[in-house]
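Trainee: Please take a close look at the salt bridges here, and then go on to the surrounding parts.

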Amino acid sequence: MRTAPLSTIPVHLFTGFLGSGKTTLIRRLIEQKPEEERWAVLINEFGQVGIDQAMFEARDDVIVKGLPGGCLCCQLSFVLQATLVNLLHRHRPDRLIIEPSGLGHPAGLLDVLQGEAFAGVLEIRDVIVLLDPARLDDPRAREHETFNDQLTMADAVALTMPDRVGPDQLSAARRHAEALWPPKKWVREAPFGELPIALLVDGGRHWVDAGGAPQSDPHAALRDVAKPAVLLDDFAAVLPSPGQPQQESGRALGYQTLSWRWHPLDVFDLDRLTQVLDRLPTGLRVKGVWHTDAGWRLYNRGEGSTSLAASAWRKDSRLELIGELELMPPAEETLSALQACRLQDGDGMRS
């Protein structure tokens, strides 16, 4: 006789368009994690190399798994199910956090999580969408199908980066969120990614619309042509040779990605590097982790803001550019400018 599991694993899904601050918010939640709980964090990036997992420090009670190279809801739906089965069996987490790509559509992801493979195993809690108020001033975002579907399907709305907009913009974003249908359980600000963990622990279940979740034709088409794939447990395990970066690119849903990886012994001049990155076209999503003459640094450029911070990542240097097709710079010219920032044999290393 088959026995039922003692308890289901709560799943918390954080959606939001590109650059809305999902990774930052999850990191802040981890700081509030109950000491007795083990969490698993699954991060999906539209780009070909994972940058966001480099933002998390290694620890025994938080397992971070990156799934780069497309959307979980369509291109990686086969990989997602296999990865989740392995993750749950191997680590047996008390709570599962999922961050889909900023271009990911929630419907396809929820189909997998609510499918037969995880019946009685996973319980989908409130889906929280992150909304950067500045996005509402961009007609391309307001008219984007995925942007609007993310808001529609969410149970609650976190207004991120409120310090970067004026009071009128913030009030307009709140009114927009409060007018959404179905009505949201709560709408609140999340300055600097701060959100009370009680909203997760005490939150309810994700609503289920009897009429079915809205479907995205572009995502559905990508899912139809996606093939089952085998994902290595350690993504990009083969290092490029020193001085010879590995380049990857992808294109889907009207967006293009361009990325590179360097050997960890390649060292970059931080001042020259940031100048090159800052000159990249406005509107590009730029994320990178670098071995520089000032140590390992994480570079993050989203909507209207740039940050540079210390990084615990040591496996390689990597850069990801994501943007609409017309914004992507020529790959050869960009790589040439980046390579010019490399130091020879570590010369010029700062103490």
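Mentor: Asp-61 and Arg-59 are joined by a salt bridge, with N and O 2.7 Å apart. The term salt bridge stands for a side-chain nitrogen of Lys or Arg within 4 Å of a carboxyl oxygen of Asp or Glu. This is a predicted model, in which local features need pLDDT of at least 70 and side-chain atom pairs count only at pLDDT 80 or more, while totals for chains, interfaces and linings use all residues. Residues are numbered from 1 along each chain as its sequence is written, and side-chain values use heavy atoms, leaving out hydrogens and water.

Asp-61 is partly exposed, at 22% relative accessible area, and Arg-59 is partly exposed too, at 38%. Here buried is under 20% relative accessible area, exposed is over 50%, and partly exposed is in between (1.4 Å probe, protein chains only).

In all, the structure has 15 salt bridges. Another one pairs Arg-95 with Glu-37, with the closest N and O atoms 2.9 Å apart. Arg-95 belongs to strand β4 (residues 95–99) and Glu-37 to the loop between α1 (22–31) and β2 (39–45), so this pair ties together parts 58 residues apart in sequence. Both Arg-95 and Glu-37 are buried. Helices (H or I, at least four residues) and strands (E, at least two) are DSSP runs numbered from the N terminus; the protein chain has ten helices and 16 strands.

Asp-138 and Arg-140 form a further salt bridge, at 3.5 Å between the closest N and O atoms. Asp-138 is buried, with 17% relative accessible area, whereas Arg-140 is partly exposed at 48%.

Next, the nonpolar residues. A nonpolar core is a set of buried Ala, Val, Leu, Ile, Met, Phe, Trp, Tyr and Cys residues joined through side-chain atoms within 4.5 Å. The largest one has 45 residues, of which Leu-96, Ile-98, Leu-113, Leu-122 and Val-157 touch the most other members. Beyond its neighbours within four places in sequence, Val-157 has contacts that include Val-129, Leu-131, Trp-186 and Arg-188, a contact being heavy atoms within 4.5 Å. A second, separate core of 29 residues includes Trp-39, Ala-158, Leu-195 and Trp-313. Leu-113 is also part of helix α3, where it is one of the buried residues; seven of the eight residues of α3 (106–113) are buried. Across the 351 residues of the chain, 53% count as buried.

Last, the largest pocket, which holds about 970 Å³ of space. A pocket is an open set of points on a 1 Å grid over the protein atoms alone, where a 1.4 Å probe fits, with protein on both sides within 12 Å along at least five of seven lines, and lining residues have an atom within 4 Å of a point. Of its 47 lining residues, Thr-23, Thr-24, Arg-27, Met-55 and Asn-300 are the closest to the centre. Helix α1 gives the most to this lining, seven residues, and β2, β12 (285–292), β13 (295–302) and β14 (305–310) are among the elements that each supply at least two.

Methods:
Points joined across faces, edges and corners; volume = space filled by probe spheres on them.
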